[in-house]
Amino acid sequence: MQKQLNAVKEFHTTFNLSFKENPTANLDEKLHELRYNLMKEENEEYLKAVQNNDLTEIADALGDMLYILCGTIIEHGLLHYIEAVFDDIENNYASAEAAVEVATETIANMFASIDDEYMRERASDIKDIGK
């Protein structure tokens, strides 16, 4: 999945679109709305394609969903963390919420062990994001 995430990050960089290097729940309201509407539109296109039994349009909608999801992941600064969330869901057959808790704790512990004091203090920020 890193290949796809990095490709979308490169797209964002090339076209001066925003993305975050560090995890954040808070994007500006317009960006939250944009991300939601992009995903909603593709879900509606997928539904229409399925109802029309149109495999080409199904594939198109799914590809667009993946691209938009990758963009949303990097907008929230989760580029380097989303695979841990996915792995926790897959390995533990847990809910996404439980996986986020485990991944948040893992990431917070990584930050807490960094030598740089400023970065070490970000461990509590990571825990706040996970709430």
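1. Basis of the note. Because the model is predicted, local features need pLDDT of at least 70 and side-chain atom pairs count only at pLDDT 80 or more, while totals for chains, interfaces and linings use all residues. Residues are numbered from 1 along each chain as its sequence is written, and side-chain values use heavy atoms, with hydrogens and water left out.

2. Helices H1 and H3. Helices here are DSSP runs (H or I, at least four residues), numbered from the N terminus. Helix H1 (residues 2-14) and helix H3 (residues 55-75) have axes that come within 9 Å and cross at roughly 75°, the axes being lines fitted to C-alpha atoms over the stretch in contact, with angles from 0 to 180 degrees between N-to-C directions. H1 is therefore roughly perpendicular to H3 (65 to 115 degrees; under 35 would be roughly parallel, over 145 roughly antiparallel, and the rest oblique).

3. The H1 and H3 contact. On the H1 side, Gln-4, Leu-5, Ala-7, Val-8, Lys-9, Phe-11 and His-12 meet Leu-66, Tyr-67, Cys-70, Gly-71, Ile-73, Ile-74 and Glu-75 of H3, where contact means heavy atoms within 4.5 Å. Sorted by class, this contact of H1 with H3 has nine nonpolar, three polar and two charged residues (Ala, Val, Leu, Ile, Met, Phe, Trp, Tyr, Cys and Pro count as nonpolar, Asp, Glu, Lys and Arg as charged, and the others, Gly among them, as polar).

4. Helices H5 and H6. The axes of helix H5 (residues 96-112) and helix H6 (residues 117-129) come within 7 Å and cross at roughly 165°, so H5 and H6 are roughly antiparallel to each other. In H5, Thr-104, Glu-105, Ile-107, Ala-108, Phe-111 and Ala-112 meet Met-119, Arg-120, Arg-122, Ala-123, Ile-126 and Lys-127 in H6, and by class the contact of H5 with H6 has seven nonpolar, one polar and four charged residues.

5. Aromatic pairs. Two aromatic pairs are found in a search of the whole structure (rings of Phe, Tyr and Trp, the last by its six-membered ring, pair if their centres lie within 6.5 Å; planes under 30 degrees apart count as stacked, over 60 as edge-to-face and the rest as tilted). Phe-11 and Phe-15 form a tilted pair, 4.9 Å centre to centre with 45° between the planes. Phe-11 and Tyr-67 form an edge-to-face pair, at 5.8 Å centre to centre and 85° between the planes, and this pair links distant parts of the chain, with Phe-11 in helix H1 and Tyr-67 in helix H3, 56 residues apart.

6. Phe-15 counts as exposed because its relative accessibility is 53%, whereas Phe-11, at 35%, counts as partly exposed, and Tyr-67 is partly exposed with a relative accessible area of 38% (buried means under 20%, exposed over 50%, partly exposed in between, with a 1.4 Å probe and protein chains only).

7. Glu-75, placed in helix H3, counts as buried because its relative accessibility is 2%; leaving aside neighbours within four places in sequence, Glu-75 is in contact with His-12, Ser-18, Phe-19, Lys-20, Thr-24, Leu-27, Leu-31 and Arg-35. Leu-34 lies in helix H2 (residues 29-51) and counts as partly exposed at 42% relative accessibility.

Methods:
Helices (H or I, at least four residues) and strands (E, at least two) are DSSP runs, numbered from the N terminus.
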